[in-house]
Amino acid sequence: MAAFAAIVLLQVKKWLHHTNISPWVGALVACGIGALFLTDLQSIPRVWVLASTKTLVQGDVSYRRAIKRASELPGTVVCFDDPTIPLLASGYMGRNLHVELDAVGKAYVPKGLVDEIQRANWVIRVHGSWDELDARLNMTDQGFSITEDPVISGPMYTLWKHIP
């Protein structure tokens, strides 16, 4: 959606640049486009709840601690809720649960994602408003046990260890 919006905005900018319209009309067009974007945001479940959350946000200090801790863990660390954590920790770019579920219409958890999880030594889960989307992916059923960790703890992140 973001790529589509960027292309449309560039076309509108070119159109406004090549036409002889007043700055007021240009401002009106810009406001109309902004209103369309806000209307489009309404289609995302609970977007306003997420936007107003001030305590649990990805990118806060706990995010940086999760990256640091992931860099210290032996073996493969995956975080299918936020693949940037292992990417920044070790350069490993894994799959994204939400992209994978979107690709199959949320009908099932794709085998490639399940295989990646089962090959991992550690999984970091990110919790928030979207947890109900992945209720079908039970970490215990995948052979993992939740680990009490002094760094990755609290309401935002949990650390799971693969039990061979």
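**A buried glutamate**

I started with E116, which is buried (under 20% relative accessible area, with exposed being over 50% and partly exposed in between; 1.4 Å probe, protein chains only). E116 has no salt bridge, though; that would take a side-chain nitrogen of Lys or Arg within 4 Å of a carboxyl oxygen of Asp or Glu. The nearest side chain of opposite charge is R95, 4.9 Å away. For charges, Lys and Arg count as positive and Asp and Glu as negative, while His and the chain ends are not counted.

Caveat for myself: this is a predicted model, so I note that local features need pLDDT of at least 70, side-chain atom pairs count only at pLDDT 80 or more, and totals for chains, interfaces and linings use all residues. Residues are numbered from 1 along each chain as its sequence is written, and side-chain values use heavy atoms, with hydrogens and water left out.

What does the backbone nitrogen of R95 lie 3.2 Å from? I found a polar atom of the E116 side chain there. I then listed what E116 touches (heavy atoms within 4.5 Å): V78, Y92, G94 and R95, leaving out residues up to four places away in sequence. E116 sits in helix α7, residues 111-119; helices (H or I, at least four residues) and strands (E, at least two) are DSSP runs, numbered from the N terminus.

**The chain as a whole**

I counted 7 helices and 4 strands, in the order α-α-α-α-β-α-α-α-β-β-β from the N terminus on. Of the 164 residues, 31% are buried. Among contacts with a separation of 6 or more, 56% are between residues 24 or more positions apart.

**Cores**

Next I looked up nonpolar cores, meaning sets of buried Ala, Val, Leu, Ile, Met, Phe, Trp, Tyr and Cys residues joined through side-chain atoms within 4.5 Å. The largest has 16 residues, and those with the most contacts inside it include A70, I85, V126 and Y157. Two or more residues each come from α4 (61-72), α5 (84-90), β2 (122-126) and β4 (157-162). Helix α4 gives the most, with 4 residues. A second, separate core has 14 residues, F80, L101, A120 and V123 among them.

**One leucine**

Is L97 buried or exposed? I get buried, at a relative accessible area of 0%. L97 lies in helix α6, residues 97-103.

Technical notes: Polar contact = N/O pair within 3.5 Å; in protein donor to acceptor, adjacent residues only side chain to side chain.
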